Amino acid sequence: MQLWTTGVASARGSARTAQEIEAAGWDGMLVVDSQTLSGDPYVSLALAAAATTRIGLGTGVTNSVTRHAAATATAITSVNRVSNGRAVLGIGRGDSALAHLGRAPARLAQFERYLRQLQTYLRGEAVSFDEIDIPHDVAPPMSALALHDAPSASRITWIADGAKVPVEVAASGPKVIAMAARHAERVMFTLGADTERLAWGIALARQARKEAGLDPDGIAFGAYVNLGCHSDMAAARSLVRGGLTTFARFSVMHGKANGPVSAKDRDVLEALRSNYDMKAHTQGDSRQAGTLTDDFIDRFAIVGPPDRCIERLQSLAKLGLDKVAISGAARGASAEDAAVGRDLLAKRVLPGMRH
């Protein structure tokens, strides 16, 4: 099972961070795409690619609204070229990137249409102009120009002669899990680290592929997981509390908790949703962070000393996950505890997962 890190996109710091991640033994590095909270992900990934030789590089995650599918395909394929085939594209319906534009996540129909177009572009194939949903009041049809000749469809021709970038869809609800199963190379669950919930997601994805006439075994599975490694459980929980609010909220964003969930956990999720302050997104000292109980954190995240973290990660591998993207200490956590956690991950957890 590959272990990747997640973090912000920093043009000035990405090269150094990527070198540190590679030296520590991680398999890859994902950066967020949230234009008002972070730098440009593709600039950061390109700089990281130039500074490293081994680790995978990708978005964790971009969305289907703030960039046209052709622009996204061009950007990530460019990263793939400069990294010699190490790029992946992580995508979801959008959260903070859209919230800071006054919008909720993309509608399901738009998201699925975008995924189809994105995969078509990434294969170097043509997308019909009729499928491109640029409003006419923004840019009228090209026919209005009365050109002598013009393209008959939208295609990124230079992409066709290289390796295709794999697409990973972040998913928590049943409809998006099914979409991801039909259109992506990997489903990246945002269901927490609870094995019952992840098993539910895997079964749902396999069934969706079977119903679509696809091989149920023809897709990979991974997960975004909040992990806090520390010998003191209270400190370990504090490391992930802020980041966990973000991922847990995905399972109740629209009012109904997704997947298997106990009555107590449902109460926590509902309290999290009603108390969520986007202005304190990911922060461990936020209003929403205070809604998470210790019991909830212990199940939905991976927290504790190295041996406990290794055991929990191994249980995810046994489910069939081949990739885990780990979010560590969030804003508001103790800097000293965060440093301890990073050291334990590099010296104990990563080596422990290789044996």
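1. Strands (E, at least two residues) and helices (H or I, at least four) are DSSP runs numbered from the N terminus.

2. The model is predicted: local features need pLDDT of at least 70 and side-chain atom pairs count only at pLDDT 80 or more, while totals for chains, interfaces and linings use all residues. Residues are numbered from 1 along each chain as its sequence is written, and side-chain values use heavy atoms, with hydrogens and water left out.

3. Strand β10 also pairs with β1 in the parallel sense, over 4 bridges. Here A325 of β10 is the bridge partner of W4.

4. Strand β10 spans residues 323-327 and is mostly covered, with 5 of its 5 residues buried. Buried denotes under 20% relative accessible area, exposed over 50%, and partly exposed in between (1.4 Å probe, protein chains only). K323, A325 and S327 point one way from β10, V324 and I326 point the other way, and all are buried. In a regular strand the side chains alternate between the two faces of the sheet.

5. The structure holds 0 disulfides, a disulfide being a pair of cysteine sulfur atoms within 2.5 Å. The closest cysteine sulfur to that of C229 belongs to C309 and is 4.0 Å away, too far for a bond. C309 is likewise in no disulfide, its nearest cysteine sulfur being that of C229. Both cysteines count as buried, C229 at 1% relative accessibility and C309 at 0%.

6. Helix α12 comprises 20 residues (335-354) and reaches 28 Å from its first C-alpha to its last, close to the 28 Å expected at 1.5 Å a residue. The expected span is 1.5 Å times one less than the number of residues.

7. The buried residues of α12 include L345, together with D337, A338, G341 and L344. Elements covering the buried residues of α12 include β1 (2-7), α1 (14-24), β8 (220-229), α8 (233-250) and α11 (306-319).

8. The N-terminal end of α12 is capped by S334, with a side-chain oxygen 3.3 Å from the backbone nitrogen of E336.

Notes:
Contact means heavy atoms within 4.5 Å. A polar contact is a pair of N or O atoms within 3.5 Å; within protein, one must be able to donate a hydrogen and the other to accept it, and residues adjacent in sequence count only if both atoms are side-chain atoms. Two strands pair if DSSP finds at least two bridges between them.
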